[in-house]
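Please keep the model open while going through the points.

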Amino acid sequence: MMQWNDLRSMNMEELTQVLLARGEKKFRARQIYGWLHKKLISRPEEMRNIPAACLDKLCEDHPLYGVTELKRYVSKIDGTMKFLFALHDGNIIESVLMKYKHGNSVCISSQAGCRMGCRFCASTLLGLSRNLYPSEMLDQIYQIQRMTGERVSHVVVMGTGEPFDNYDALSRMLDLLCDPEGLNISRRNITVSTCGIVPRIYQFADRHPQVTLAISLHAPDDASRRDLMPIANRYSLAELMKAANYYVNKTRRRITFEYSLVKDKNDGREEALKLVKLVEGLNCHINLIPVNPIQERDFKQSEDRSVRHFVKVLEDNHIQVTVRREMGRDIQAACGQLRKGYAERSEAVCDPTA
Ligand code: SAH
């Protein structure tokens, strides 16, 4: 049984089986796969060398799901672009394109909404609507590459949703994205960020050892982590750190911890020292994110002085640390500011090309 029935979620083997079962020639699979994953077409009619009879029937059973651009925002500060995309069932998701010297990076959503409930995050305010298909995660990248005409070299799964709450689709998406017969993005240029669903971290380390893993930590002890992230009630920091160690030992790769700095909550010297103790000896890198305020909550960004002090404590203890550059704040494209598009829907249905 195939887990996903839609054309762009299938891998080459599945597509081949489907076509053979219909009495088609094997080479059609490679042709269609190329249209879907290399030439990045968005409508079946664009597959010019496939007979219409074959395509029409195929698409009846295996629809071509993807995303449709509704709206685009461009940051006046740094050129970051945020896209509002519609799914075939009317759900709306967001994706972000960031331009760096090292290449174009796309931040994709893995779910429409999110059920993790992190207190500081806008993406979870309305709960989970549904999981995305592999095709819908991929097409965010494909459409952005198509629209800009520039190659996407880096992908971060840090948009709306918890990727490890949609693990199987994430895993398939990664295989398709890194396929030499598709966009062939380097696994090392992909980062998946999780709030810390422990069993999936083990699975991920075994199955996708070359993909970079980021764990949202945000607090250095269980009590304060539970205040910020409900997932901390399910898995203790001890369990989480054990899984992080497993990833590093298994993959020989550096792990990233994200730590959002909230004024007077987790940004003091004491927390910095606890954080040092927590990660000491582990091959890791701490990415500090001064929390981006969302209107529904009262979390305030740490002051520059506190951020600098926090950084210094980590550095003095030989912990690798960077402060994440905030991208696209003026268009609500920064971390934790993506949300389901419902609230904006009436405004969003205008034609972006008009
Ligand atoms: N669900 C995944 C990935 C999505 S969020 C995860 O939790 O890791 C990507 C990062 O942005 C996470 O580290 C998340 O905790 C952080 N984040 C969420 N809301 C934020 C906010 N308001 N300000 C700064 N970072 C935020």
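1. Start with a term. A salt bridge is a side-chain nitrogen of Lys or Arg within 4 Å of a carboxyl oxygen of Asp or Glu. Such bridges link Arg43, Glu45, Glu46 and Arg146 in a network. Across the whole structure, a search finds 23 salt bridges.

2. A word on the source. This is a predicted model: local features need pLDDT of at least 70, side-chain atom pairs count only at pLDDT 80 or more, and totals for chains, interfaces and linings use all residues. Residues are numbered from 1 along each chain as its sequence is written, and side-chain values use heavy atoms, with hydrogens and water left out.

3. Glu45 pairs with Arg43, and their closest N and O atoms are 3.1 Å apart. Are these residues buried or exposed? Buried means under 20% relative accessible area, exposed over 50%, and partly exposed in between (1.4 Å probe, protein chains only). Glu45 is exposed, at 53%. Arg43 is partly exposed, at 47%.

4. Next, Arg187 and Asp175. Their side chains form a salt bridge, 3.1 Å from N to O. Arg187 sits in the loop between helix 5 (167-177) and strand 8 (190-194), while Asp175 is in helix 5, so the pair ties together parts twelve residues apart in sequence. Helices (H or I, at least four residues) and strands (E, at least two) are DSSP runs, numbered from the N terminus. Arg187 is partly exposed at 21%, and Asp175 is partly exposed at 24%.

5. Lys312 and Asp316 have their closest N and O atoms 2.8 Å apart. Both lie in helix 11 (residues 304-316), four residues apart, about one turn of the helix. Lys312 is partly exposed at 48%; so is Asp316, at 47%.

6. Turn to the inside. A nonpolar core is a set of buried Ala, Val, Leu, Ile, Met, Phe, Trp, Tyr and Cys residues joined through side-chain atoms within 4.5 Å. The largest has 102 residues, and Phe204, Ile255, Phe257 and Ile286 touch the most other members. Domain 1 (7-61) and domain 2 (195-323) both give residues to this core, so it lies between them. Apart from this core lies another, of 13 residues, including Tyr73 and Met327.

7. The C-alpha centres of domain 1 and domain 2 lie 43 Å apart.

8. Finally, which residues does Ile255 touch? Among them are Leu213, Ile215, Tyr247 and Leu282, leaving out residues up to four places away in sequence. Contact means heavy atoms within 4.5 Å.

How values were computed: Domains from an automatic or database assignment.
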